[in-house]
Amino acid sequence: MDEWILNHDYGKNGSTDRLEAGITSLCRSDPDIERLLGPEILGVIPLLQRYIAEIERFNPFYHLVKVQNQEELVIKHILDSLG
């Protein structure tokens, strides 16, 4: 695995809070998602943080998504895709 991803700081920040709130809201509004994730809901957050870090790393080179900041990436691409 890429050393940058392994060493990246996935610390708690505003977009992490937004991600947790969005995932929790999706689970409440969709019983299928809640059944799928169940008690593992918070275990998905670190995986999505790694995914976000990879997008942020490669986006300047490959223009994967058009966003201004991490919070916009979480709202417009991660949560919208899951919803």
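I looked up Tyr62 and found it in helix 4, where helices are DSSP runs of H or I with at least four residues, numbered from the N terminus. Tyr62 counts as exposed because its relative accessibility is 59%; exposed means over 50%, buried under 20%, and partly exposed in between, with a 1.4 Å probe and protein chains only.

I noted that the model is predicted: local features need pLDDT of at least 70, side-chain atom pairs count only at pLDDT 80 or more, and totals for chains, interfaces and linings use all residues. Residues are numbered from 1 along each chain as its sequence is written, and side-chain values use heavy atoms, without hydrogens and water.

I then examined Asn59, which also lies in helix 4. Asn59 counts as buried because its relative accessibility is 14%. Its side chain reaches the backbone nitrogen of Val65 at 2.8 Å. Leaving aside neighbours within four places in sequence, I found Asn59 in contact (heavy atoms within 4.5 Å) with Leu64 and Val65.

I turned next to helix 5, residues 70–82. Helix 5 has 13 residues and reaches 17 Å from its first C-alpha to its last. This is close to the 18 Å expected at 1.5 Å a residue, the expected span being 1.5 Å times one less than the number of residues.

I checked the N-terminal end of helix 5 and found it capped by Asn69, with a side-chain oxygen 3.2 Å from the backbone nitrogen of Glu71. I recorded Glu72, Leu73, Val74, Ile78 and Leu79 as buried in helix 5. The buried residues of helix 5 pack against helix 2 (14–29) and helix 4 (41–62).

How values were computed: Helix = DSSP H or I, 4+ residues; strand = E, 2+ residues; numbered from the N terminus. Polar contact = N/O pair within 3.5 Å; in protein donor to acceptor, adjacent residues only side chain to side chain.
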